[in-house]
Every structure is written in structure tokens, then in C-alpha cells.
Amino acid sequence: MAKVPNVLSAAAPAALTAASGLVGGYGVARWSGRRELGGAVLAVAGAGAAAQWHHRSGPATAAALTGLYVAAFGGSHPLAKKIGAWPSVFAVTGVVAAASTVATALITRKH
């Protein structure tokens, strides 16, 4: 019987890295009172996720997901005015994690 690869487990690390950057960056900024520390967490995790996306899915997917990551960070600010800060962070994090998982799983499955 042929072994079926678990493409979702291959996709999880980049999604978790991206999610930790968005949630962790906001948490660090909020609890430390220093936005630049939160920005550093966001940047380091974003760079790590981008490297994972590039390695697993190639440069085009990595560029698209990195753009989504940055847009999610920017979009969370006006969204927070409507629904609150934490709900906004969780909403955009969910979008990025889902997109990362789907895109990485689709590319992994093709190979």
C-alpha cells in the first residue's frame, strides 16, 4: 500500500511561525509598552516564516504569503478600531495561518 504524505504536517511549521509573529509581536508590544520590541518579534518571525515558505513552496508563494503577512499586520490596526485589538490580531492571524497552510499544502502535494 502506498504511503500518503501528510501535507498538513509539512505546512504547519510556517503557519505557526507566522501566527507566533503576529500574536507574539502584539503581545510583546502591549505588555512591554515598547512598540519597537513588538516590531522586532514581528520582523524576526516574519523572516523565519518567509524562509520556510521559500524552502517549501518556492519564491512566488513565499512572496505572496509574506505580502499577506505584512498586509495583515497593517490591516489589523483599522480593524482593531471596529472590533478591538485582540480580536483583530486573532482574526488576521487566522487568515494568514489558513492561507499559509493551504498554499504550502497545495505546493507540497504537487511534489
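This is a predicted model: local features need pLDDT of at least 70, side-chain atom pairs count only at pLDDT 80 or more; totals for chains, interfaces and linings use all residues.
The protein chain contains 4 helices and 0 strands, and its elements follow the order α-α-α-α from the N terminus on; helices (H or I, at least four residues) and strands (E, at least two) are DSSP runs, numbered from the N terminus. Of the 111 residues of the chain, 34% count as buried, where buried means under 20% relative accessible area, exposed over 50% and partly exposed in between, computed with a 1.4 Å probe on protein chains only. Among the contacts (heavy atoms within 4.5 Å) with a separation of 6 or more, 72% involve residues 24 or more positions apart.

Two of the helices, α2 (residues 35-57) and α3 (residues 59-83), have axes that come within 7 Å and cross at roughly 155 degrees; the axes are lines fitted to C-alpha atoms, for helices over the stretch in contact, and angles run from 0 to 180 degrees between N-to-C directions. The pair is therefore roughly antiparallel, given that angles over 145 degrees fall in this class, whereas those under 35 count as roughly parallel, 65 to 115 as roughly perpendicular and the rest as oblique. The contact is made on the α2 side by L42, A45, G46, A50, W53, H54 and S57, and on the α3 side by P59, T61, A62, L65, T66, Y69 and F73.

S100 itself lies in helix α4 (residues 85-110) and is buried, with a relative accessible area of 0%. Its side chain makes a polar contact with the side chain of W53 at 2.7 Å; such a contact is a pair of N or O atoms within 3.5 Å, for which, within protein, one must be able to donate a hydrogen and the other to accept it, and residues adjacent in sequence count only if both atoms are side-chain atoms. The C-alpha atoms of S100 and A49 are separated by 9.3 Å, although these residues are 51 residues apart along the chain.

A further serine, S76, is placed in helix α3 and counts as buried at 10% relative accessibility; with residues up to four places away in sequence not counted, S76 touches S88 and V92.

A search of the whole structure finds 1 salt bridge, defined as a side-chain nitrogen of Lys or Arg within 4 Å of a carboxyl oxygen of Asp or Glu. It joins the side chains of E36 and R34, at 2.6 Å from N to O. E36 is partly exposed, with a relative accessible area of 47%, and R34 is likewise partly exposed, at 44%.

Technical notes:
Residues are numbered from 1 along each chain as its sequence is written. Side-chain values use heavy atoms; hydrogens and water are left out.
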